[in-house]
Amino acid sequence: MKNNFAFGRINFILLAISMAIVILGYILMSGSGSTREQFNEAIFDFRHTTLAPIVCFFGYLMMIVAILYRPKANNDNEVTKEEAA
């Protein structure tokens, strides 16, 4: 009897990789903020405003690919035999 799960092993691996990419994007986005006494201009640098959102967006796109990915069947004959039974 074959288990019919919605996701295969490759889907879970792709989801884990994409989740790690999103977490990396949020880590890149984090940093020290401004206080009442001193304004920190580093919050407007390239890493915080451009690179981190692009990395997060790429991670979310990879999640969509991981969810929609469907591996091809190895043997079409086996599938038709199982369907016939």
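**View 1. Helix α2 and its bend at alanine 52.** In this predicted model, α2 bends by about 30 degrees at alanine 52. There's a proline following within four residues, namely proline 53. How far apart are the end C-alpha atoms of helix α2? They sit 32 Å apart. That agrees with the 33 Å the helix should span, because residues 46-68 make 23 residues at 1.5 Å a residue.

**View 2. The buried residues of α2.** Here we pick out the residues of α2 that are tucked away from solvent: His48, Ala52, Val55, Cys56, Gly59, Met63 and Ala66 are buried. Which helix do the buried residues of α2 pack against? Their partner is α1, residues 9-29. Alanine 52, where α2 bends, is itself one of the buried set.

**View 3. Isoleucine 21 on the α1 side.** Isoleucine 21 belongs to helix α1. Skip its neighbours within four places in sequence, and isoleucine 21 is in contact with Val55, Phe58, Gly59 and Met62. Two of these names, Val55 and Gly59, also turn up among the buried residues of α2. Tyrosine 60 is worth a look as well: isoleucine 21 and tyrosine 60 are 39 residues apart in sequence, yet their C-alpha atoms are 8.5 Å apart in space.

**View 4. Phenylalanine 58 on the α2 side.** Phenylalanine 58 is a residue of helix α2, and isoleucine 21 is in contact with it. Is phenylalanine 58 buried or partly exposed? With 45% relative accessibility, it counts as partly exposed. Glycine 25 is 33 residues away from phenylalanine 58 in sequence, with 9.2 Å between the two C-alpha atoms.

**View 5. Histidine 48 and its surroundings.** Histidine 48 is part of helix α2. Its relative accessibility is 12%, so it counts as buried, the limit being under 20%. A polar atom of the histidine 48 side chain lies 3.0 Å from the backbone oxygen of methionine 29. What else does histidine 48 touch, leaving aside its neighbours within four places in sequence? The contacts are Leu28, Met29, Ser30, Gly31, Ala42, Ile43 and Pro53.

**View 6. The aromatic pairs.** How many aromatic pairs are there? The count comes to 2. One is phenylalanine 7 with phenylalanine 12, an edge-to-face pair with 5.8 Å centre to centre and 85 degrees between the planes. The other is phenylalanine 39 with phenylalanine 44, a tilted pair at 6.1 Å centre to centre and 35 degrees between the planes. As for solvent, phenylalanine 7 is partly exposed, with a relative accessible area of 28%. Phenylalanine 39 counts as exposed at 51% relative accessibility, and phenylalanine 44 is exposed too, with a relative accessible area of 57%.

**View 7. Stepping back to the whole chain.** The protein chain has 3 helices and 0 strands, running α-α-α from the N terminus on. Buried residues account for 15% of its 85 residues. Of the contacts between residues at least 6 apart in sequence, 65% join residues at least 24 apart. The chain exposes about 7,400 Å², with carbon and sulfur atoms supplying 63% of it.

Conventions: Residues numbered from 1 in each chain as written. Predicted model: local features only at pLDDT ≥ 70, side-chain atom pairs only at ≥ 80, totals over all residues. Heavy atoms only, no water. Helix = DSSP H or I, 4+ residues; strand = E, 2+ residues; numbered from the N terminus. Expected span 1.5 Å × (residues − 1). Bend = angle between axes of the 7 residues up to and from the residue. Buried < 20%, exposed > 50% of the residue type's maximum accessible area, 1.4 Å probe, protein only. Contact = heavy atoms within 4.5 Å. Phe/Tyr/Trp six-rings, centres within 6.5 Å; stacked < 30°, edge-to-face > 60°. Polar contact = N/O pair within 3.5 Å; in protein donor to acceptor, adjacent residues only side chain to side chain. Areas by Shrake-Rupley, 256 points an atom, 1.4 Å probe, with all protein chains shown as cover.
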